[in-house]
Amino acid sequence: MRASFVFSEVVTGLRRNITMTIAMIITTAISLLLLGGGLLVVRMIDNTKELYQDKVEVNIYLTNDVSASDKDCKADPCRGLRSQLESDPAVERVEFENRDQAYERFKRIFEAQPELVKLARPEALPSSFNVRLKDPDRPEVIIQTYKGKAGVDSIGDQSQFLDRFFSALNGVRNATFFIAGVMAVAALLLISNTVQLSAFTRRTEVGIMRLVGATRWYTQLPFLLEAVVTGIIGALVAIAMLVGAKLAFLDDVLAQPIKSGVVKSVEAGDLAFVSPILLLIAIGVSAFTGYVTLRLYVRT
Amino acid sequence: MIRLEQVSKVYKTSTRPALENVSVQVDKGEFVFLIGPSGSGKSTFLRLLLREEVPSKGRVYVANFDLTRMARRRVPRLRQSIGCVFQDFRLLANKTVAENVAFALEVIGKPRHTIKKVVPEVLELVGLEGKAERMPHELSGGEQQRVAIARAFVNRPLMLLADEPTGNLDPDTSQDIMLLLERINRTGTTVLMATHDHSIVDSMRRRVVELDLGRVVRDDARGVYGVGR
């Protein structure tokens with residue numbers, strides 16, 4: 001009895017304020033869509049970081065004369081540097097790459113631009129140690145120790161580029177979170193407004209209910225459920241839009257960088273991770289807003 | 001059944017108290033008219049009994065409930081033991097006669113089989129058998145008030161409060177409604193009726209409590225509305 005009565009009240013209430021209901025669903029959906037987008041960016045950053053974690057190296061470039069004279073790293077200062085690096089507790093692995101190998105690699109990288117390869121000479125490329133660190137987050141240890149040593153020309157830190165890349169992604173994330181927050185305020189006000197409107201259009205029913213001794217839960221649960229139901233629909237719409245966005249253009253736009261391993265793609269697993277979060281937030285926020293509104297504005 | 005002990009009620013927006021030092025006792029099964037001009041405190045009196053308001057001073061007891069000390073969550077229990085009828089009927093326009101009556105039971109969580117059984121019974125009691133599927137706008141004023149009375153009585157309350165139930169009805173129809181209220185009173189239900197209707201009060205010869213400017217100015221066991229009014 002009780003469940004079917006409350007349910008039919010919810011359905012009539014939503015249909016009666018259909019325009020407000022739609023507005024509520026749209027704002028909720030957009031705000032959740034942005035929140036979900038932000039969460040996906042967070043996931044992407046994490047995944048991409050993992051991708052790079054074991055690839056980040058510190059490159060110690062040797063001076064021109066060392067690069068030219070010592071192809072096999074047989075003499076000092078090259079040999080000394082190598083043994084020092086190999087026994088360094090912060091270092092996991094050291095690879096020596098001489099000028100010719102560097103040139104081969106250069107040719108491979110710029111295969112597609114033969115004019116660039118033509119311009120380059122092996123003499124322009126230095127020999128280097130490619131150092132893999134035990135803790136990739138602390139390249140400064142190596143930089144401090146080896147900077148300015150004999151034979152060392154410069155030290156390249158790949159993680160600096162990554163930091164820049166990730167800070168761009170972080171910016172995207174913060175922007176979506178910010179807009180999601182602003183939209184969430186609009187959604188909250190709409191939920192509150194709709195609950196009030198709904199309670200007002202049904203004031204006769206509510207008046208009679210109070211008069212014949214219906215409990216507060218009985219009189220107010222329909223309004224609360226109305227808010228929660230629209231919240232759930234809004235979340236489902238947001239999830240559908242996220243899936244649609246992934247299938248329709250995200251996969252295409254990011255196809256190139258994903259293939260070359262620059263970023264990790266948004267997987268179905270990521271969506272499966274984000275969707276229940278959006279749903280729970282929608283339910284929690286709409287129920288809370290509905291409850292507070294009823295407490296503040298609707299006489300019991 | 002009802003006991004008011006030196007009750008005063010002052011509304012924040014008004015300087016004059018709506019009720020001042022009112023003491024009234026109504027026993028179980030009594031039929032009482034509450035009369036007085038507009039603004040005399042009749043509505044406040046009824047609202048106190050329903051605990052829509054709490055008194056500023058004094059004590060209110062209804063059906064063994066001490067309303068001045070009652071917790072908010074117990075109020076529904078009190079209201080389930082009181083039936084209410086109003087001048088403007090307050091029916092739900094989008095529900096049939098039977099649905100309007102059933103609504104009062106649905107919202108207090110009565111099981112469906114009980115509702116199916118008692119709604120036709122109470123419709124017969126108020127003389128609306130055969131009109132269960134009508135909509136309120138398809139009924140006369142008197143019939144609409146019968147629906148309201150059926151709704152107020154369907155849960156077999158201990159007490160029926162009627163706030164000018166005949167205020168919108170012609171004299172003949174009013175008389176029919178009074179007969180119905182009398183019949184309900186004979187089942188042992190206490191009836192308290194606020195009214196302006198001289199002829200009804202005079203013809204019924206029941207107890208009359210008269211309010212004026214928030215004070216009880218008369219309490220006759222078998223009264224009339226009053227001379228010269």
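Predicted model: local features only at pLDDT ≥ 70, side-chain atom pairs only at ≥ 80, totals over all residues.
Which residues of chain A does UniProt list for "domain: FtsX extracellular"? Residues are numbered from 1 along each chain as its sequence is written, chains are lettered from A and ligands numbered from 1 in the order in which they are written, and side-chain values use heavy atoms, with hydrogens and water left out.

**View 1. The annotated extracellular domain of chain A.** UniProt, in an unreviewed entry, lists residues 56-155 of chain A for "domain: FtsX extracellular". UniProt positions follow the numbering used here, feature names are shortened, and annotations may be inferred rather than shown by experiment. The span is 39% helix and 23% strand, and its end C-alpha atoms lie 14 Å apart. Helices (H or I, at least four residues) and strands (E, at least two) are DSSP runs, numbered from the N terminus.

View 2. The unreviewed UniProt entry places "transmembrane region" at residues 21-45, 175-200, 221-243 and 271-294 of chain A. Take residues 175-200 of chain A: the span is 100% helix, with 38 Å between its end C-alpha atoms. Residues 221-243 of chain A are also 100% helix, and here the end C-alpha atoms lie 33 Å apart.

**View 3. Where chain A meets chain B.** Here 17 residues of chain A are in contact (heavy atoms within 4.5 Å) with 24 residues of chain B. About 1,800 Å² is buried between the two chains, 61% of it from carbon and sulfur atoms; this is the accessible area (1.4 Å probe) that two parts lose on being put together, summed over both. Look for the one salt bridge across the interface (a side-chain nitrogen of Lys or Arg within 4 Å of a carboxyl oxygen of Asp or Glu). The side chains of A:Arg210 and B:Glu52 form a salt bridge at 3.3 Å, N to O. On the chain A side, the elements giving two or more residues are α1 (2-16), α9 (203-211) and α10 (216-253). The largest share, six residues, comes from α9(A).

View 4. B:Lys95 sits in the loop between β6 (82-86) and α3 (97-106) of chain B. B:Lys95 counts as buried because its relative accessibility is 18% (buried means under 20% relative accessible area, exposed over 50%, partly exposed in between; 1.4 Å probe, protein chains only). Leaving aside residues up to four places away in sequence, B:Lys95 touches B:Asn100, B:Phe103, B:Met135 and B:Pro136.
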